[in-house]
Amino acid sequence: MQLFEFRTSVEFEQSMRGFYRSDPLFKNNKSGTFRIVCNPRGAFYQNTAQRMIGVSDRGETLCQCVLIKRKAYDKVSVAFFEAKPNATDAVSLMMDAVAVFAKTYGANQLDIALDGHCSYGVGFAQGASQTPPLFGESYNPEYYNDFFYGDKNAVGFTSYTDSLANIAARLDRLKHSSEITVEPADFRNFNDSIRLYTALCNSIFSNHRFCFYREEAEDLELFSGMKPLLSPHNLLFAKKDNQTIGFLLMYPDFNELVPAGGGAGVGTFIQHKVLRRPINTMKIVQIGVLPEFQSGRAIVQLFAEAIRLTRLHNPSINNVVSSWILDENRRSMSMVSQLAPKIHRRFFAYEKEV
């Protein structure tokens with residue numbers, strides 16, 4: 001076995017896709033994220049040091065990853081990890097190189113399966129091989145967790161689901177606040193809406209695991225590629241006394257329009273926006289409320305308006321799935337699981353000392 005460094009990002013991406021060439025359930029959420037995170041001209045990349053490495057044996061790549069050290073983050077992210085079955089020795093060799101990289105930059109901890117920032121992707125899905133991934137959702141063979149699961153620092157995530165009708169019925173039984181209003185983003189001023197989203201995220205999630213301060217340019221870079229697929233009601237803002245106090249980001253599962261092995265692109269836009277092809281699932285990607293307003297009322301208002309607007313603008317939607325929620329975030333888990341009590345999928349990330 002031999003440790004090597006990829007010469008170009010194109011070479012790394014081609015190899016990454018090769019791990020899923022024969023997987024009939026694979027939908028390619030990986031390439032779009034990779035091209036944002038690892039683009040040398042990109043806003044995110046400018047704040048990082050990166051290295052793309054792998055381990056090969058007789059010309060076959062057994063495992064690979066991107067090492068990312070964020071300037072203002074004291075850990076190293078092990079991103080875009082891929083490995084063949086039974087590649088334990090190869091992964092061990094690669095992780096030795098990861099430790100050397102971390103120490104070079106003064107870091108003593110690794111975040112394994114963090115694709116640079118939790119906004120891009122975090123964790124290995126458990127049971128991912130049973131169903132295709134939703135748009136923006138992690139996908140990997142089940143055995144990826146086996147390489148790291150013995151570590152005591154496993155961090156669990158859960159996403160929840162239920163029918164839209166059931167969630168709506170539960171929301172109807174909850175108290176709403178007349179003091180809190182919810183309105184869609186103004187996409188005539190798209191950049192301003194994303195800047196407001198960034199400011200809220202920086203205020204709300206500053207102490208959350210796998211989060212750190214985001215620059216406006218980074219979120220603008222992330223959302224600009226999605227803009228053709230999004231509508232104003234996909235990003236909602238909650239207000240109280242003319243102050244924006246929270247937000248909810250959601251979008252249809254565009255992967256329902258994507259063939260096996262493919263990724264969302266121009267064809268997805270045509271099917272969704274022009275041909276109006278029906279989509280069955282809405283994904284609640286992110287919800288956040290400023291700490292001083294986290295009584296639960298604002299979250300109820302945001303969810304209620306999200307369901308109302310989904311019924312209005314996407315009448316084919318029958319199912320709602322939340323994004324991942326940290327198991328340690330008991331408050332968020334309790335709120336979301338009351339509205340959507342069924343588990344959609346489990347994820348695990350790993351923190352490792354070096």
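1. The expected span of a helix is taken as 1.5 Å times one less than its number of residues, and helices (H or I, at least four residues) and strands (E, at least two) are DSSP runs, numbered from the N terminus. Helix H8 has 17 residues and reaches 24 Å from its first C-alpha to its last, close to the 24 Å expected at 1.5 Å a residue. The structure is a predicted model, in which local features need pLDDT of at least 70 and side-chain atom pairs count only at pLDDT 80 or more, while totals for chains, interfaces and linings use all residues. Residues are numbered from 1 along each chain as its sequence is written, and side-chain values use heavy atoms, with hydrogens and water left out.

2. Burial in these notes means under 20% relative accessible area, exposed means over 50%, and partly exposed lies in between (1.4 Å probe, protein chains only). On that basis the buried residues of H8 include Ala298, Val300, Leu302, Phe303, Ala306, Ile307 and Leu309, and Glu305 is also among them.

3. Helix H5 (residues 190-204) can be checked in the same manner: its 15 residues should span 21 Å at 1.5 Å a residue, and its end C-alpha atoms are 21 Å apart, which agrees. Buried positions in H5 include Phe190, Ile194, Tyr197, Leu200, Cys201 and Ile204. Among the elements that cover these buried residues, where contact means heavy atoms within 4.5 Å, are helix H6 (216-224), strand S9 (235-240), strand S10 (243-252) and strand S11.

4. Two strands are said to pair if DSSP finds at least two bridges between them; S9 and S10 pair in the antiparallel sense over six bridges, with Leu235 having Leu249 of S10 as its bridge partner. S10 and S11 also run antiparallel, joined by seven bridges, and there the partner of Gly246 is Val289 in S11. In the hairpin of S9 and S10, which has two residues between the strands, Asp241 takes a positive phi near 55°.

5. How many salt bridges does a search of the whole structure find? The search finds 23, a salt bridge being a side-chain nitrogen of Lys or Arg within 4 Å of a carboxyl oxygen of Asp or Glu. One of them joins the side chains of Glu218 and Arg70 (2.5 Å, N to O). This pair links distant parts of the chain, with Glu218 in helix H6 and Arg70 in strand S3 (residues 60-70), 148 residues apart. Glu218 is buried, with a relative accessible area of 0%, and Arg70 is likewise buried, at 5%.

6. Another salt bridge brings together the side chains of Arg345 and Glu137 (2.7 Å, N to O). Arg345 lies in strand S14 (residues 342-353) and Glu137 in the loop between strand S6 (124-126) and strand S7 (154-163), so the pair ties together parts that are 208 residues apart in sequence. Both count as buried, Arg345 with 4% relative accessible area and Glu137 with 7%.

7. Within H8 (residues 297-313), Glu305 and Arg308 are three residues apart, separated by about one helical turn, and their side chains meet in a salt bridge (2.8 Å, N to O). Glu305 counts as buried at 16% relative accessibility, whereas Arg308 counts as partly exposed at 45%.

8. Arg58, in the loop between strand S2 (48-57) and S3, has phi near 50° and is exposed, with a relative accessible area of 81%. Ala113, in the loop between strand S5 (109-112) and S6, has a phi of about 75° and counts as buried at 6% relative accessibility.

9. Ser323 sits in the loop between strand S12 (319-322) and strand S13 (325-326), and is buried, with a relative accessible area of 12%. Leaving aside neighbours within four places in sequence, Ser323 is in contact with Thr158, Ser159, Lys283, Ile284 and Val285.
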